[in-house]
Structure formats: structure tokens, C-alpha cells
Amino acid sequence: MKFTVSQSSLAQALSIVSKGMGSNASQPILAGVHLIAANGTLELQTTDTTISIRHSIAANVEDPGETVISGKIAMNIVKNLSDSAVSFEGDDRNVLITSDKSSFRLNALSPEDFPSFPEYELENSVELDSEVLSKMVDKVYRVTYKDNSRPILSGILTTVEDNTIRLVATDSYRLAVCDTNVDTQNKEAFRAILPGSVFHEVLGLPGMTEKILVGITSSQVIFQFGNTTFITRKIEGNFPNYKQLLPTSCSTSVKVDVSQLTAALRRVSVIALSNPSVRFDIEVENKLMKLSATSPDQGDATEYVNIEAEGEDVSVGLNYHYVNDCMSAVSDQKEITLELQGDLRPDIFKSYAKVNYLYLLMPVRM
């Protein structure tokens, strides 16, 4: 095996496939990157048995072949080289890497021991605008359950139907829904629970193209863009019926400036160290929102924000961490609408733009 590639393209390729490298010391082959050089192309593969990634780049291949080397070592070597040609020569025992005045000889593993890249046949797929999809995932990802003990809640329900993309996530304490209109060529509706962390990670990979294909099989989720194929396990089960959680009415509707509410919440929450609850008092006639927090150790804080409001005066306690997550999700908007019910019934935050956003939050006792 002998080939030459550019340092920049190889560094990016290793960065992409690194997300699939295993870390189990008992299976060193899974910590490696499988290099396959042939027909003017270098293909890189990694897998941790849950995630499998394949990416290819152009290469000057003098002698076709394949080998497996440590992915972490390869990344550290390549990213520290100058932006010039990088040559590889070797077999399944060792590989010589040279570039400019640098040379490295690495131990290699047999490619025969490396797991085969999964075969698949898509049952359903949809091609979407990656920039729009990335913005949508950013808005709901923070609401996903981060513990694998509840896999359904760690996923993002993704549907595409009637030229509308909708993403839904919940951790059982709050719910985030965002949707937007798109022009898709799909005649068949698409619905899948996609792993939240993987979905977020894929859209942040370098080399992302304008379009990304998202597909499913009976047990897999496949992401394809450019020369990259990313495969992971599909989440099985039924996503909660979120629509039945959404209130059909509210006692008070409030419109407030996003930047003003964000700044006020940040100042008041300085006091809420041991108790993350912040009290929201809506004074409809005075057009004011009062934010207050109390700590037996630190004292108390109060802030007023101008609002537009309709309905009844209402008071509600909310976890400021959760409210802050919502404000971060709509930081690109000027205004947000709050639909409050009082007591301990769910409250709704809404933002209407190119990507519509809804955030349901359960109040806390004050």
C-alpha cells in the first residue's frame, strides 16, 4: 500500500470519522481507523459497533491496499503537520507516514479483523436543507434526555409531511417543538425517532454539504452528505403523544422582548443559587412582568420588564435554567409570547419566524 494525500483534506477526514472511534481498551481494533486506498481514492472507516462512519477523499494511489492504524495517533500526527502532501506506505504490520521533513512509523493491525461496514437498504428517506435542519436541531437538542436509561426521551421525533419539517423533544419536565415549511420532493411521509446526540453531532461535522439525506431501515438511521455516510442504531418505541400535552387555551397572554427578558433573568438568577426557582408575576394593567428570586443565604432580587399582556394577573414559579434554555433557543428573535395558566398547569413559550418554536414548561411550587 502506498498513497499520498493533502494534509488539510486528511485532517478533515480524520475529524469526521473520529466520532465513530471506539474507546474500549479490550478491543483495540475499534480504536483504529481502517484505511482503504484504491482507484484514486482513500476511504476511511471507523466503528464502535454502535456508530459506523465512512468517508472518502481524493488520493494519489501508487499501490492499492488497506490497513488499520490508531485513529487517535493518526489525528494527532496529521493535525500537527504543515499543509503539504502526506505520504503513507506500509502493510498490515506497520505504516510509514512522511511529510516534508517529518516521518512516523506506526504499528498496524490487520484489516481482516476490522468489522465490515454495515450493509443497508433504506425503507424511507428524505433529503433536507442542512443549514435549516441544523438550526432546528439546535433549538430542541438541549431538551433531550441526556441519560441512556430512557432512550425514547434521548431522541428527537422527526417528521416530514406536506412540505413541513417538525422536530419534537422532551425530557418529561419540558417539551420543545419546532417546525418550518420546506419544498421537499418526498411524496411519502417521513417519521423517525433519531438519536438526539448523534443528530446534533452529525450536523456539526466539518464538510457538511447544502443537503443531507436522512434515511431509516428496520434498525438503523443513516445520514449521508457529500462523501460521508454515518450509520447509527434507530431508537425503538413510541414517542410520547406530545399533542395531548398542549393546552388549548390560557388565562394570560404576554408578549415580551427577548433580549430584555434574557438580561433580567440573568441578573435575578444570581441570587437563585441553591433554589433555581424564579417567580414571574404578570401585572396586566400595568404592563409589567416582575421577576423575583429569594435565597435564605444570599438575600433576594427583583427586576421589572415591560410587556404587552391580555387576560388576568397571574403568578407562576419557573426553573430559571429551563427558561434560560428557551431564551437561548429564540435568541435570534426580537419577541416571544408567553401563554400562562397559573396554578401548576403547563406554561407555553412561543416564537413565530421562519422556524416556529414552541416550548412547554411545567411550573414549580413557590
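The dialogue below takes the sheet and then the ring pairs.

Tutor: This is a predicted model, in which local features need pLDDT of at least 70, side-chain atom pairs count only at pLDDT 80 or more, and totals for chains, interfaces and linings use all residues. Residues are numbered from 1 along each chain as its sequence is written, and side-chain values use heavy atoms, with hydrogens and water left out.

Student: In what order do the five strands of the open sheet stand?

Tutor: Strands of a sheet pair through backbone hydrogen bonds, either parallel or antiparallel. Here the order is S5-S1-S7-S8-S9, with antiparallel pairing. Strands are DSSP runs of E, at least two residues, numbered from the N terminus; two of them pair if DSSP finds at least two bridges between them. Strands S5 (60–63) and S9 (102–107) each have a single partner strand, so one side of each lacks a neighbour in the sheet. S1 (residues 2–6) pairs with S5 over three bridges, and Phe3 stands opposite Val61 in S5.

Student: How many aromatic pairs does the structure hold?

Tutor: A pair of aromatic rings is described by the distance of the centres and the angle of the planes. The structure holds six such pairs. Rings of Phe, Tyr and Trp (its six-membered ring) pair if their centres lie within 6.5 Å; planes under 30 degrees apart count as stacked, over 60 as edge-to-face and the rest as tilted. The centres of Phe349 and Tyr359 are 6.2 Å apart and their planes stand at 80°, so this pair is edge-to-face. For Tyr357 and Tyr359 the centres are 6.1 Å apart and the planes at 25°, so that pair is stacked.

Note on methods. Helices (H or I, at least four residues) and strands (E, at least two) are DSSP runs, numbered from the N terminus.
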